[in-house]
2 protein chains.
Amino acid sequence: MTKDIDHWFETSVAQLSDPQNQRVWSIIVSLFGDMAQAEGDQISGAALTRIITPMGIKPEAIRVALHRLRKDGWIESERSGRASVHFLTQYGRSQSAAVTPRIYDRAPRIAQDWHLLIADDAAGQAVLDDLLLLPNYITVNRNTALGHGTMPGSLEDLLAIGASDFAVPDWLKARIFPGDLTAACGSLLQELKAAGLPPAQPDALQIAALRTLVVHRWRRVVLRHPDLPESFHPASWPGTACRDRVFALLDALPRPDAGTLNSAWDGS
Amino acid sequence: MTKDIDHWFETSVAQLSDPQNQRVWSIIVSLFGDMAQAEGDQISGAALTRIITPMGIKPEAIRVALHRLRKDGWIESERSGRASVHFLTQYGRSQSAAVTPRIYDRAPRIAQDWHLLIADDAAGQAVLDDLLLLPNYITVNRNTALGHGTMPGSLEDLLAIGASDFAVPDWLKARIFPGDLTAACGSLLQELKAAGLPPAQPDALQIAALRTLVVHRWRRVVLRHPDLPESFHPASWPGTACRDRVFALLDALPRPDAGTLNSAWDGS
């Protein structure tokens with residue numbers, strides 16, 4: 001049984017890892033966001049190494065990434081006797097909290113209240129460019145933004161129009177769901193299918209490694225596109241199937257808390 | 001009494017005429033459209049002259065305009081003994097019939113079913129340019145058309161979106177209701193106010209002259225803008241007040257039929 005689950009773990013981690021293409025600091029951000037986001041949560045250096053090295057990442061690379069995350073204000077590290085512990089800063093926690101709802105939303109509510117903001121060829125362009133920095137606006141073309149939520153009231157230079165019943169051309173689908181995003185989502189789906197569900201309960205560190213990988217890969221898909229009505233999806237968009245697989249596997253790998261992870265290591 | 005009405009007629013015709021700026025062929029088109037649009041209707045050359053010369057237009061100018069209208073296929077002329085008669089061709093009748101509903105619509109029903117068609121900066125521009133030739137589309141900007149009626153079903157390259165709740169910026173109001181249109185509408189309104197209503201019933205030829213002038217002036221306002229929700233009107237748009245005055249005066253000048261006009265002249 002232990003052999004079965006170890007084999008499944010190794011195969012699945014190999015499937016879901018992408019050694020050529022994974023930034024270690026970003027994986028660490030995914031790990032803390034998933035399992036040590038609360039104030040007071042901390043992960044020991046030893047546990048971190050045990051969770052991440054199975055992905056084909058060397059301890060030196062972890063040290064370099066932690067150095068960078070400290071420099072950028074995401075993480076603080078403390079010594080505790082001979083061991084070290086790491087935890088998210090206030091800034092790191094707030095960055096993490098900002099995207100958590102979208103990453104873990106298993107049935108996104110598609111907004112119903114859409115509107116368009118349209119600039120003239122000359123007037124309003126600057127206002128529009130500012131608006132497109134907001135999370136609830138997407139670019140339709142140079143003059144046009146599609147947004148949801150309440151229509152802004154004081155946009156003198158923009159034509160604002162309530163929008164419904166979308167018939168979406170291929171160029172817009174491709175702009176919102178570009179080919180590399182569709183490819184990233186499609187290969188995650190394939191790898192999740194290949195991994196399947198665990199034949200038995202993995203140990204806490206195995207769970208942590210797999211959860212980190214799944215959350216990391218999904219984060220890079222889900223945060224790159226807005227939740228839009230299905231009529232905006234390219235025919236080949238695998239997002240819905242992929243999301244289902246992501247949550248099926250996460251549900252089979254119940255989140256260990258940070259304390260368990262640290263003691264799993266201490267005690268092994 | 002006759003003196004009163006003759007005075008009112010002369011004053012009002014002078015008010016509503018615009019000798020510097022009226023194309024005689026266009027006035028003749030307005031006249032036929034109002035009083036001799038049906039197949040078989042004809043206006044004698046003598047009646048035509050009596051109706052139009054009070055506007056400050058010389059008989060030679062009428063002859064030149066009739067020549068042009070014959071050349072363009074709008075009108076045919078026949079001799080009848082020593083007199084001539086003129087009538088709309090099939091083409092002239094159909095052109096006239098095409099705009100009659102809008103000219104005489106005293107309470108336009110504002111469409112409720114609006115949609116936007118949006119081209120990419122590159123794709124779909126040619127389709128959009130073609131669509132903008134249709135009467136139910138107006139230009140928002142280089143990439144965007146606003147239309148009413150059923151949303152087209154097969155516009156591969158265009159984003160089609162149902163539209164409601166318009167907040168319209170000044171640049172779009174000014175594009176749809178340009179300054180010279182607002183000015184033309186405003187001066188027609190002032191002149192209709194100055195003319196007021198007839199103090200007694202004018203004779204058939206007087207009625208014909210006044211109806212021709214009112215329809216002619218109104219035609220050049222109403223056909224130059226689409227019927228849009230009030231939120232699209234510039235604050236100064238005098239269209240609704242102008243339309244009310246147009247129909248108040250037309251109602252006070254019951255349309256004579258072509259036969260009455262011709263015999264009014266024969267019998268005088």
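Q: Which residues of helix α3 (residues 45-52) of chain A are called buried, and what makes them so?
A: In this predicted model, the residues of α3 in chain A that count as buried are A:Gly45, A:Ala47, A:Leu48, A:Ile51 and A:Ile52. The term applies because a residue is buried if 20 or more other C-beta atoms lie within 10 Å of its own, with C-beta atoms placed from the backbone.

Q: How do you know where the buried residues of α3(A) lie around the helix axis?
A: Seen down the axis of α3(A), the buried residues fall within an arc of 160°, so they line one face of the helix.

Q: What makes up domain 1 and domain 2 of chain A, and how many residues of each are in contact?
A: Chain A is divided into domain 1, which takes in 2-107 + 176-266, and domain 2, which covers 114-168. Their C-alpha centres lie 35 Å apart, and five residues of domain 1 of chain A are in contact with four residues of domain 2 of chain A. By class, the domain 1 side of that contact has four nonpolar residues, one polar residue and no charged residues.

Q: Which residues and elements form the contact of chain A with chain B?
A: The contact takes 28 residues from chain A and 28 residues from chain B. On the side of chain A, β4 (114-118), β5 (137-141), β7 (159-167) and α7 (170-176) each supply at least two residues, and β7(A) gives the most, with nine residues. By class, this side of chain A has 16 nonpolar, six polar and six charged residues.

Q: Why are β7(A) and strand β7 of chain B said to pair?
A: Two strands pair if DSSP finds at least two bridges between them; β7(A) and strand β7 (residues 159-167) of chain B have seven bridges, in the antiparallel sense, and therefore qualify as a pair. Within β7(B), B:Ala167 stands opposite A:Ala160.

Q: Why is the relation of chain A to chain B called that of a two-fold axis?
A: Chain A is superposed on chain B by a rotation of 179° with 0.0 Å of shift along its axis, at an RMSD of 0.1 Å, and that is the relation of a two-fold axis. In chain A, the C-alpha nearest the axis belongs to A:Ala163, 2.4 Å from it.

Q: How do you know through which surface the copies meet?
A: Of the interface residues of chain A, 100% are also interface residues in chain B, so the copies meet through the same surface.

Definitions and conventions. Residues numbered from 1 in each chain as written. Chains lettered and ligands numbered in written order. Predicted model: local features only at pLDDT ≥ 70, side-chain atom pairs only at ≥ 80, totals over all residues. Domains from an automatic or database assignment. Contact = placed C-beta atoms within 7 Å. Nonpolar A, V, L, I, M, F, W, Y, C, P; charged D, E, K, R; others polar. Buried ≥ 20, exposed ≤ 12 C-beta atoms within 10 Å, placed from the backbone. Helix = DSSP H or I, 4+ residues; strand = E, 2+ residues; numbered from the N terminus. Arc of directions from axis to C-beta. Least-squares fit on C-alpha atoms with pLDDT ≥ 70 in both.
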